[in-house]
Amino acid sequence: MVAADSLSKTLFALADPTRRAMVARLREGTATVKELAAPFEMSAPSITKHLKVLERAGLIERGREAQWRPCTLRPERLREAAEWIERFRELWEGNFQSLDALLDTLQTQPRKKK
Amino acid sequence: MSHPLSIRALGELEIVMTRRFDAPRALVFDAWTRPELLKRWLGVRGGWTMPVCEIDLRVGGTYRYVWRHESGAEMGMGGVYREIVAGKRIVATERFDSPWYPGEALITNELEEIAGGTLCSVHMLYETKEARDMVLASPMESGIGEGYAALDKLFESMV
């Protein structure tokens, strides 16, 4: 299951608050590692580790130029993950709306004897 | 009336869904555990029906659900009951025939009486963090991605 594999990586990458904050920042545009690291009190190796997870999950792309290696968001993967989660939510919202309707019916109609 | 659904992560391995229903606890319990009722609401939208719903509601007993789509597609799952407190709490394992997350999950369904209704909490405990994250990266409720317009709307409605 190649598709599920990449999805799993994406969701894993997004499960961490620091990485989510980085993704949120990158939604505003390309940023350097220094800019991405600025809001966090974190060592450079830790920042690099987070960026590697994001890169491996296909969520960001890093430029080749110089030592800046600017980071850019790749929205396809983000959209894929958001759609997956949205489906999970929709599935259960749908189920529970059906259950609401059923519970209503059961409470307003006299219950049939079996 | 339809109440908001809350979905969140708990620790590294769990997802918790919470939803309120305007019905007495005993009735909600029946709706979750009696096949003739379950078949009327669980996963039966958008062309799906649930032709198989077998429930042996006792500790060590099994359950088996199969859904069928009008196109012919089928999806099955089942598990074993680990703990049952009538009208209140069910703990059971869950495994899909064609797994879409690795391993098995332990599902705890708890019903609590609240004013005018029942609060239903479903804890889904996965074997690995990867499996959990695959089912849901729940802190995503902070609104990442375009798919989240619906969520924003939901939050607005909760204010």
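**Exercise 1. State what share of chain A is buried, and describe its make-up.**

Solution. Buried residues account for 27% of the 114 residues in chain A. A residue is buried if 20 or more other C-beta atoms lie within 10 Å of its own, exposed if 12 or fewer, and partly exposed in between, with C-beta atoms placed from the backbone. The model is a predicted one, in which local features need pLDDT of at least 70 and side-chain atom pairs count only at pLDDT 80 or more, while totals for chains, interfaces and linings use all residues. Residues are numbered from 1 along each chain as its sequence is written, and chains are lettered from A and ligands numbered from 1 in the order in which they are written.

Next, the elements: chain A has 5 helices and 2 strands, in the sequence pattern α-α-α-α-β-β-α. Helices (H or I, at least four residues) and strands (E, at least two) are DSSP runs, numbered from the N terminus.

**Exercise 2. Determine how H2(A) and H4(A) are arranged.**

Solution. Step 1: helix H2 (residues 17-26) of chain A packs against helix H4 (residues 44-56) of chain A at an angle of about 70°, and their axes are 10 Å apart. Axes are lines fitted to C-alpha atoms, for helices over the stretch in contact, and angles run from 0 to 180 degrees between N-to-C directions.

Step 1: H2(A) and H4(A) are therefore roughly perpendicular to each other. Angles under 35 degrees count as roughly parallel, over 145 as roughly antiparallel, 65 to 115 as roughly perpendicular and the rest as oblique.

Step 2: on the H2(A) side, the residues are Thr18(A), Arg19(A) and Met22(A), which meet His50(A), Val53(A) and Leu54(A) of H4(A). Two residues are in contact if their C-beta atoms, placed from the backbone, lie within 7 Å.

**Exercise 3. Give the strand order of the sheet in chain B and its edges.**

Solution. Step 1: the open sheet has 8 strands in the order E1-E2-E8-E7-E6-E5-E4-E3 (chain B), and the pairing is antiparallel. Two strands pair if DSSP finds at least two bridges between them.

Step 1: strand E1 (6-10) and strand E3 (48-55) of chain B are the edge strands, each pairing on one side only. Neighbouring strands of the sheet are turned by 20° against each other on average, direction ignored.

Step 2: E3(B) pairs with E4(B) in the antiparallel sense over 6 bridges, and Thr49(B) stands opposite Arg68(B) in E4(B). Strand E4 (residues 62-69) of chain B and strand E5 (residues 74-85) of chain B are antiparallel over 7 bridges; Thr62(B) has Val80(B) as its bridge partner in E5(B). E5(B) is joined by 6 bridges to strand E6 (residues 89-96) of chain B, again antiparallel.

Step 3: check the hairpins. That of E4(B) and E5(B) has 4 residues between the strands, and Gly72(B) takes a positive phi near 110°. That of E5(B) and E6(B) has 3 residues between the strands, with Gly87(B) at a positive phi near 75°.

**Exercise 4. Decide whether Leu38(B) is buried or exposed, and list its contacts.**

Solution. Step 1: Leu38(B) belongs to helix H2 (residues 35-38) of chain B. Step 2: Leu38(B) counts as buried because it has 21 C-beta neighbours inside 10 Å. Step 3: apart from neighbours within four places in sequence, Leu38(B) contacts Ala31(B), Trp32(B) and Cys53(B). The C-alpha atoms of Leu38(B) and Cys53(B) are separated by 7.8 Å, with the two residues 15 apart along the chain.
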